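Q: I would like to go through this model with you. Could we begin once it is on the screen?
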Amino acid sequence: MVAYNQNKQLIGENGLMPCKSYLNSVKRYVGGKIGLAALAYTPSVLWFLDWSSMDTNLDCIALLGMALSGFVLVTGMANMVIMVTLWVLYHSLVNVGQLW
């Protein structure tokens, strides 16, 4: 819920440190294309999403994480697929968060 409430203000399109700018600078650093080098430098599912509406992408990642976490909390059932998905979503946000 924290990510959903704060992503737009911190790393959103008009945030303090926009992740879109960060991803563009990483893309330039690794040679101008999105490939394994960019994914290794900053592992995030945001590389594979449309960057035209980064705020929507950030909200969707946070909401999907909340939905999966809520499912695990309510049912008490967690398998490897759910836990890996939650881990990937978490690291997708953390890795584009940059240093403050």
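Q: How far apart do the end C-alpha atoms of residues 61-90 lie, and what share of the span is helix?
A: The end C-alpha atoms of residues 61-90 lie 8 Å apart, and the span is 87% helix and 0% strand. Helices (H or I, at least four residues) and strands (E, at least two) are DSSP runs, numbered from the N terminus. This is a predicted model, in which local features need pLDDT of at least 70, side-chain atom pairs count only at pLDDT 80 or more, and totals for chains, interfaces and linings use all residues. Residues are numbered from 1 along each chain as its sequence is written, and side-chain values use heavy atoms, leaving out hydrogens and water.

Q: At what angle do the axes of α4 and α5 cross?
A: The axes of helix α4 (residues 54-75) and helix α5 (residues 80-94) cross at roughly 150 degrees and come within 10 Å. Axes are lines fitted to C-alpha atoms, for helices over the stretch in contact, with angles from 0 to 180 degrees between N-to-C directions. α4 and α5 are therefore roughly antiparallel to each other (angles over 145 degrees).

Q: Which residues of α5 make that contact?
A: I82, T85, L86, L89 and L93 of α5 make the contact (heavy atoms within 4.5 Å), with α4 residues including L58, I61 and G65.

Q: Changing topic, which residues of α1 meet α4?
A: A3, Y4, N7 and K8 in α1 meet α4 residues, among them D55, D59 and M66. The axes of helix α1 (residues 2-10) and α4 come within 9 Å and cross at roughly 170 degrees, and α1 and α4 are therefore roughly antiparallel to each other.

Definitions and conventions: Angles under 35 degrees count as roughly parallel, over 145 as roughly antiparallel, 65 to 115 as roughly perpendicular and the rest as oblique.
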